[in-house]
Amino acid sequence: MRWILGAAFAAGAMALAAGAHAAEPKFTPGPCAGDYSGVTNKIECGTLSVDETRGGPSTRRVALPVTIVKASAPKPGLPPVVYLHGGPGGGLVEGVGRTLRGVSGRELVAVDQDWIFFDQRGGGVAQPLLDCGTLALNDAGPLSDAAAQQAIACAQRLKASGVDLSRYNAEEVVKDIQDLRKTLGLKQIDLMGVSYGTRIALAVVKHDPTGVRAVVLDSPWTPEANWAEGGPEMVSDAVKEIFKRCAADTACNAKYPHPGADLDGVAAKLLAAPVVQNGQSYTADLLGGFLMDAAYSGPDARALPATVAKFAAGDLSALDETREGAGYREAQFFTHLCKEEFPFESEAATRQGAQRDVVSRLTEKSFGRLFQVCKAYDVGAPDPVEAQPVSSPIPTLFLAAEIDPGCPPSVAKAAVSRFPKGQLTIIPNTTHGVSRGSACARKMIRGFLADPTAPIDQSCLHPEHDKFVFDLD
């Protein structure tokens, strides 16, 4: 999707770009982005305006849209929850109303605490917007050489327009979060991050935890984890986990007795040469990107054995949607990763690891292109601290999905021991973003935020997560 907040917000952002240098951070109440019909909570919206380059010569300001959802039954003493979206390159505010109308939103968001949502600089509908248009990109990287060249050209356009690409990263977002806390007059906040939002939360813990009472990390991604190195193998491992559950499921195994072998056959064919159907070219890159997205998604993961059977029968049309990419603000995706991840990883090691099996080979080229694109992104010198583990006495809840091609549970297991008040739950038979797909996870989050010092009650995992239920149609 591509989002536009509206002419009034865009005009305000243009005025900010021409404003006085080194102006103070400012929160200005204003209209909300998105549809809040049917929402019973009180909603307050506005814009946080801060310098793009703090302490530098630029006069450019950034405008971050903010949505505050007031608690329906507030409990005294509980601070607001600041929610941190993932990506990097994602967004939040336009979808808050939809979230509140859904089951997961009603069970979790703004029941007894206010919740604060904002689009991180460069993402969502923030201004300036680090968007490159439609580009075949997902977490496995650019899915073609053409997509990589588009990403490079996008960096050049943004730089020519005056955007300081070195100021769109986790450390700058930490400063934005603290400016938001101060401008709203909040002494304390809780943090909840999902996916790469957990990386932002951990950056707050590392760089400036002032006022942070408790932290929830849903599908944790830590600074010391490697994105590209081992990435192809993580995708392959997640797919194998899904197929292992199919083999253990009587109905799935009866209908799809050999999805692994079927996928290996299709993968080998596409690795040898693209396949053309109905005027469309289907490549190994496209299949690898599809598998990453499918293993992330509960519905797509449950349908994966059936989808692979269609691939094996010659129907590759399920790959078409992957051509459109993941809907990121693509340049924001790269400004973060080219600063925080890839300077500390090796392209050669990534490609070598991808040779492990035929499925991991599918994403070898796309992960490798990430390193090539980063050469065009002027994000400033890497700081080794961004690759170092975080430890903190702040109460922190780690919630990991058992099946996750991007944020596997091993990442959370390795990190929690450095948090004296940390707690870890690995949610069985579920996929990335557990708070969206698990009522039990939402219950645990609510319980933790009500009292971050109390042991988490995991009894709700049974029977909700006893089985991975496949879509066999």
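Me: Is Arg-446 buried, partly exposed or exposed?
Reply: This is a predicted model. In it, Arg-446 has 28% relative accessibility, so it counts as partly exposed.

Me: What does Arg-446 form a salt bridge with?
Reply: The partner is Asp-112, and the closest N and O atoms are 3.2 Å apart.

Me: How many salt bridges does the structure hold?
Reply: There are 32. One of them joins Glu-52 to Arg-60, with 3.8 Å between the closest N and O atoms. Glu-52 has 0% relative accessibility, so it counts as buried. Arg-60 is buried too, at 17%, because the cut-off for buried is under 20%.

Me: What about Asp-320, which residue does it pair with?
Reply: Asp-320 forms a salt bridge with Arg-323, the closest N and O atoms being 3.5 Å apart. Asp-320 is partly exposed, with a relative accessible area of 26%. Arg-323 counts as partly exposed as well, at 25%.

Me: Which residues are linked in a network of salt bridges?
Reply: Arg-54, Arg-121, Asp-164, Arg-167, Glu-172, Lys-175, Asp-176 and Asp-179 are linked that way.

Me: Switching to helices. How many residues of α13 are buried?
Reply: In helix α13 (residues 330-340), 11 of 11 residues are buried, and the helix is mostly covered. Among the buried residues are charged ones, including Glu-330, Lys-339 and Glu-340. Phe-333, Phe-334 and Leu-337 are also among them.

Me: What covers them?
Reply: The cover includes the strands β6 (137-138) and β7 (141-142). It also includes the helices α4 (145-160), α5 (170-183), α6 (196-207) and α16 (364-374).

Me: Next, α7 and α12. At what angle do they pack?
Reply: Helix α7 (residues 231-248) and helix α12 (residues 304-312) pack at about 100°, with their axes 10 Å apart. That makes α7 roughly perpendicular to α12.

Me: Which residues make the contact?
Reply: From α7 it is Val-239, Ile-242, Phe-243 and Cys-246, and from α12 it is Leu-304, Pro-305 and Val-308.

Me: How many of the residues in that contact are nonpolar, polar or charged?
Reply: By class, the contact of α7 with α12 has seven nonpolar residues, no polar ones and no charged ones.

Key:
Residues are numbered from 1 along each chain as its sequence is written. This is a predicted model: local features need pLDDT of at least 70, side-chain atom pairs count only at pLDDT 80 or more; totals for chains, interfaces and linings use all residues. Side-chain values use heavy atoms; hydrogens and water are left out. A salt bridge is a side-chain nitrogen of Lys or Arg within 4 Å of a carboxyl oxygen of Asp or Glu. Buried means under 20% relative accessible area, exposed over 50%, partly exposed in between (1.4 Å probe, protein chains only). Helices (H or I, at least four residues) and strands (E, at least two) are DSSP runs, numbered from the N terminus. Contact means heavy atoms within 4.5 Å. Axes are lines fitted to C-alpha atoms, for helices over the stretch in contact, and angles run from 0 to 180 degrees between N-to-C directions. Angles under 35 degrees count as roughly parallel, over 145 as roughly antiparallel, 65 to 115 as roughly perpendicular and the rest as oblique.
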